[in-house]
Amino acid sequence: MKAGPDIAMVASLVGDPARSNMLTALMSGRALTASELAQEAGITPQTASSHLAKLEAGGLIEPEKQGRHRYYRLTGPDVAGVLEGLAGLAARAGHMRVRTGPKDPALRRARICYDHLAGDLGVQMLDSLKKQRLVRETKQTIELTSEGKRFMATALQIDADTLAHPRRPVCKACLDWSERRHHLAGTLGAAMMSRFTELKWAERDSAQGSRVVNFSRTGEKRFAALFGNGE
């Protein structure tokens, strides 16, 4: 028997269509009930319970009880990162769903990836941070520069010294499934998305399970001023 992580076990959990739909819905960062997840997966509540039990036992989701309701969420950003990477691989290999919805263009432009900005604007933001030398990228890592720390404090009122986390890097490259390039994850990516929301530059679509992020007119202008692509 070979030692090490059991990739096949995780792959079997993610590989089921119903479970993959549930996990994708949870990439919105919101906690959802079993009934809501059953609706997302297109299955009965009874079947959903069985799938949720397997995902929980496999460490991919965790329950949260509030009053009479039981909600589920991903166990962490690393799960979302794997799902985003798999979506990118599926797109590159040509394994696309036949039906597209009216919100697909909006989803590609700006969406939430667990707790950070993804899509065209997410990739544009990371490209701009690198071009302005606010972050430094090597083959393995991305790190915030001294100038980047000053930028975060003055432009977004984010104190970079408070972003350290024992189980999550400050900066991390996350492969964007629609752009097939990297956007910014990590505690910095999460803090920036949270700040955009606080400033009312952007808000998540209110529809159940939606990952679309909508920018206001003011938000569009402020975002472009900070991270414009030069076009």
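The exercises below, each with a worked solution, concern a predicted model.

**Exercise 1. Decide whether L117 is buried or exposed, and find which residues it contacts.**

Step 1. Apply the cut-off. Buried means under 20% relative accessible area. L117 has a relative accessibility of 1%, so it counts as buried.

Step 2. List the contacts. Neighbours within four places in sequence are left aside; L117 is then in contact with A110, R111, G122, H183, L184, M193, F196, V213, F215 and F223.

**Exercise 2. Describe how helix α2 packs with helix α3.**

Step 1. A pair of packed helices is described by the angle between the axes and the distance between them.

Step 2. Read off both values. Between α2 (residues 17-26) and α3 (residues 34-41) the angle is about 120°, and the axes are 8 Å apart. That angle makes α2 oblique to α3.

**Exercise 3. Compare the span of helix α7 with the expected span, and find which of its residues are buried.**

Step 1. Take the length: α7 runs over residues 120-131 and has 12 residues.

Step 2. Compare the spans. The first and last C-alpha atoms of α7 are 16 Å apart, close to the 16 Å expected at 1.5 Å a residue.

Step 3. Pick out the buried residues in α7: L121, G122, V123, Q124, M125, L126, S128 and L129.

Step 4. Look just past the helix, where R133 has a positive phi of about 60°.

**Exercise 4. For Q157 and K200, state where each lies and how exposed each is.**

Step 1. Start with Q157, in the loop between α8 (146-156) and β8 (172-175). Its phi is positive, about 55°, although Q157 is not a glycine.

Step 2. Classify Q157. Its relative accessibility is 48%, so Q157 counts as partly exposed.

Step 3. Turn to K200, in the loop between α9 (186-198) and β10 (202-204). K200 is not a glycine, yet has a positive phi of about 65°.

Step 4. Classify K200. Exposed means over 50% relative accessible area; K200 has 67%, so K200 is exposed.

Methods. Residues numbered from 1 in each chain as written. Predicted model: local features only at pLDDT ≥ 70, side-chain atom pairs only at ≥ 80, totals over all residues. Heavy atoms only, no water. Buried < 20%, exposed > 50% of the residue type's maximum accessible area, 1.4 Å probe, protein only. Contact = heavy atoms within 4.5 Å. Axes fitted to C-alpha atoms, helices over the stretch in contact; angles between N-to-C directions. Helix = DSSP H or I, 4+ residues; strand = E, 2+ residues; numbered from the N terminus. Parallel < 35°, antiparallel > 145°, perpendicular 65-115°, else oblique. Expected span 1.5 Å × (residues − 1).
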